[in-house]
Amino acid sequence: ARPVSALPFLPARPVSALPEFAPPSPNFNWNTDDAKDILFAQRIACDNIIDVINAGNIEEADFKIMQLKVQTSMAGKIILAEFKQNNNSNNN
């Protein structure tokens with residue numbers, strides 16, 4: 001397979017090395033472990049976005065980037081909420 005790189009600062013990899021899109025699990029407990037799972041899944045999705053761009057499907061890439069933004073924002077909110085809760089319990 002021919003190595004690909006969507007952006008000049010990313011290393012070229014064979015197309016077969018690009019993972020499939022992996023959405024996060026819908027069964028959340030809304031804790032930092034779930035937030036980590038979301039962030040890990042979105043990291044894999046970033047590789048998939050590169051593959052989609054290389055295939056020339058800009059509309060799909062746009063949609064996946066919007067999903068990426070929403071999912072990573074949710075992960076950040078979960079982490080902040082848990083840190084605030086832990087901080088409040090440590091102060092009481």
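Gln-71 is partly exposed, with a relative accessible area of 24%, where buried means under 20% relative accessible area, exposed means over 50%, and partly exposed lies in between, using a 1.4 Å probe and protein chains only. This residue is found in helix 2; helices (H or I, at least four residues) and strands (E, at least two) are DSSP runs, numbered from the N terminus. Although Gln-71 and Ala-41 are 30 residues apart along the chain, their C-alpha atoms are separated by 9.3 Å.

The model is a predicted one, in which local features need pLDDT of at least 70 and side-chain atom pairs count only at pLDDT 80 or more, while totals for chains, interfaces and linings use all residues. Residues are numbered from 1 along each chain as its sequence is written, and side-chain values use heavy atoms, with hydrogens and water left out.

## The chain as a whole

The chain holds 2 helices and 2 strands, and from the N terminus on its elements run in the order β-β-α-α. Of the 92 residues in the chain, 23% are buried.

Contacts, which means heavy atoms within 4.5 Å, can also be sorted by how far apart the partners lie in the sequence. Among the contacts in the chain with a separation of 6 or more, 55% are accounted for by residues 24 or more positions apart.

## How the two helices pack

Helix 1 and helix 2 pack at an angle of about 165°, and their axes are 9 Å apart; here the axes are lines fitted to C-alpha atoms, for helices over the stretch in contact, and angles run from 0 to 180 degrees between N-to-C directions. That angle makes helix 1 roughly antiparallel to helix 2, because angles over 145 degrees count as roughly antiparallel, whereas those under 35 count as roughly parallel, 65 to 115 as roughly perpendicular and the rest as oblique. Helix 1 passes helix 2 in a left-handed crossing, a name used if the near helix is turned anticlockwise from the far one by less than a right angle, with right-handed used if clockwise.

On the side of helix 1, the residues that make the contact include Thr-32, Ala-35, Ile-38, Leu-39 and Gln-42, and on the side of helix 2 they include Glu-60, Lys-64, Gln-71, Ala-75 and Glu-82. The residues of this contact divide into 13 nonpolar, 6 polar and 3 charged, where Ala, Val, Leu, Ile, Met, Phe, Trp, Tyr, Cys and Pro count as nonpolar, Asp, Glu, Lys and Arg as charged, and the others, Gly among them, as polar.

## Residues along the contact

Thr-32 lies in helix 1 and is buried, with a relative accessible area of 17%. Not counting residues up to four places away in sequence, Thr-32 touches Ile-78, Ile-79 and Glu-82. Glu-82, which lies in helix 2, touches Trp-30, Asn-31 and Thr-32 when residues up to four places away in sequence are again not counted. Between Glu-82 and Asn-31 there are 6.6 Å in space, C-alpha to C-alpha, although the two are 51 residues apart in sequence.

Further along helix 1, Asp-37 is partly exposed, with a relative accessible area of 48%, and its C-alpha atom is separated by 8.7 Å from that of Ala-75, 38 residues apart along the chain. Phe-40 is also found in helix 1 and counts as exposed at 57% relative accessibility. The C-alpha atoms of Phe-40 and Thr-72, 32 residues apart along the chain, are separated by 9.8 Å.

## Two salt bridges

A search of the whole structure finds 2 salt bridges, each being a side-chain nitrogen of Lys or Arg within 4 Å of a carboxyl oxygen of Asp or Glu. In one of them Arg-43 is paired with Asp-47, the closest N and O atoms being 3.1 Å apart. Arg-43 counts as partly exposed at 47% relative accessibility, whereas Asp-47, at 12%, counts as buried.

In the other salt bridge, the side chains of Lys-64 and Glu-60 meet at 3.7 Å, N to O. Lys-64 and Glu-60 are 4 residues apart in helix 2 (residues 58-91), and therefore about one helical turn separates them. Lys-64 is buried, with a relative accessible area of 11%, while Glu-60 counts as partly exposed at 33% relative accessibility.
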